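Let's work through a few exercises together. Keep the structure open beside you, and try each task before you read its solution.

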Amino acid sequence: MKLRWAAIAAYVNSVAALAQLLTSGGDPKVNGIAGLLNNLSGVLWAASFVPLAYLFYRASRAHANVVSAAVFAFGLVGFGAAAFLEIATATGRLTFDQETIAYYPVLGAIGVWLLMGGGIAIMETDLPRAPLIFGAVIGGLWFFANVLFGAGGLPSPTVDGSVNDLTDSGILLLETAFLLQPFWGLWLGRSLLAPPAPRTPAPR
């Protein structure tokens with residue numbers, strides 16, 4: 001895959017993530033257009049990960065064929081689940097509250113892909129490392145948020161205020177990752193489009 005197409009996907013990911021933030025809480029049955037825009041942004045967001053996952057896989061398979069293929073397949077499942085939840089909510093098959101609850105483990109799965117896919121790419125490829133590390137941090141936040149939800153219970157979309165320390169900490173990690181994620185897409189897209197740094201010849 002050409003880096004240009006992956007960079008475009010990264011920019012789309014960033015814009016879609018920002019659109020989701022701006023329309024967050026948009027239930028299509030209550031908020032009408034805002035809710036549908038939120039669902040459409042979510043589908044684009046999930047789909048935009050696919051070219052990036054393929055880039056990570058192609059770049060690392062020479063040195064980590066089995067592991068990179070497994071991580072790629074795992075990511076595809078997570079992206080597909082996210083898109084399915086958005087479409088199901090937009091078409092009325094799921095309520096907004098049901099989608100919210102189901103989205104937590106899906107974000108955890110995408111977080112695992114970001115953490116593992118980025119980690120393999122850092123170790124085995126020449127892709128720009130700084131945005132990959134940043135993405136792995138975001139993935140780690142989503143993953144550990146779900147670990148805390150497993151220990152303290154999932155947050156309820158119908159309950160306002162504090163639940164317990166573990167769940168509240170998980171919500172903080174989740175929301176922090178959401179706020180950081182648009183910057184990851186921009187950073188990664190810009191880095192992929194940047195000309196390669198000149199290699200310094202080894203001293204003789």
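**Exercise 1.** Which residues does Gly108 touch, not counting residues up to four places away in sequence?

*Solution.* Before we start, note that this is a predicted model, in which local features need pLDDT of at least 70, side-chain atom pairs count only at pLDDT 80 or more, and totals for chains, interfaces and linings use all residues. Residues are numbered from 1 along each chain as its sequence is written, and side-chain values use heavy atoms, with hydrogens and water left out.

Step 1: look for contacts, meaning heavy atoms within 4.5 Å. Leaving out residues up to four places away in sequence, Gly108 touches Trp142, Phe143 and Asn146.
Step 2: compare sequence with space. Gly78 is 30 residues from Gly108 in sequence, and their C-alpha atoms are 8.6 Å apart.

**Exercise 2.** Decide for Gly108 and for Thr91: buried or exposed?

*Solution.* Step 1: recall the cut-offs. Buried means under 20% relative accessible area, exposed over 50%, and partly exposed in between, with a 1.4 Å probe and protein chains only.
Step 1: Gly108 has a relative accessible area of 8%, so it is buried.
Step 2: Thr91 has 52% relative accessibility, so it counts as exposed. You will find Thr91 in the loop between α4 and α5. Its side chain reaches the backbone oxygen of Ile87 at 2.8 Å.

**Exercise 3.** Describe the largest cavity and the place of Ser68 beside it.

*Solution.* Step 1: know the idea. Rolling a probe the size of a water molecule over the atoms shows where empty space is left. On a 1 Å grid over the protein atoms alone, a cavity is a set of points where a 1.4 Å probe fits but cannot get out, and lining residues have an atom within 4 Å of a point. Grid points are joined across faces, edges and corners, and the volume is the space filled by probe spheres set on the points.
Step 1: search the whole structure, and 1 cavity of 30 Å³ or more turns up. The largest cavity has a volume of about 50 Å³.
Step 2: look at the lining, which includes Tyr57, Ser60, Ser68 and Ile120. Helix α3 gives the most, with 4 residues.
Step 3: zoom in on Ser68, which sits in helix α4. Ser68 is buried, because its relative accessible area is 3%. Not counting residues up to four places away in sequence, Ser68 touches Tyr57, Ser60, Arg61 and Ile120.

Methods
Helix = DSSP H or I, 4+ residues; strand = E, 2+ residues; numbered from the N terminus. Polar contact = N/O pair within 3.5 Å; in protein donor to acceptor, adjacent residues only side chain to side chain. 1 Å grid on protein atoms, 1.4 Å probe; cavity = no way out; pocket = protein on both sides within 12 Å on 5 of 7 lines; lining within 4 Å.
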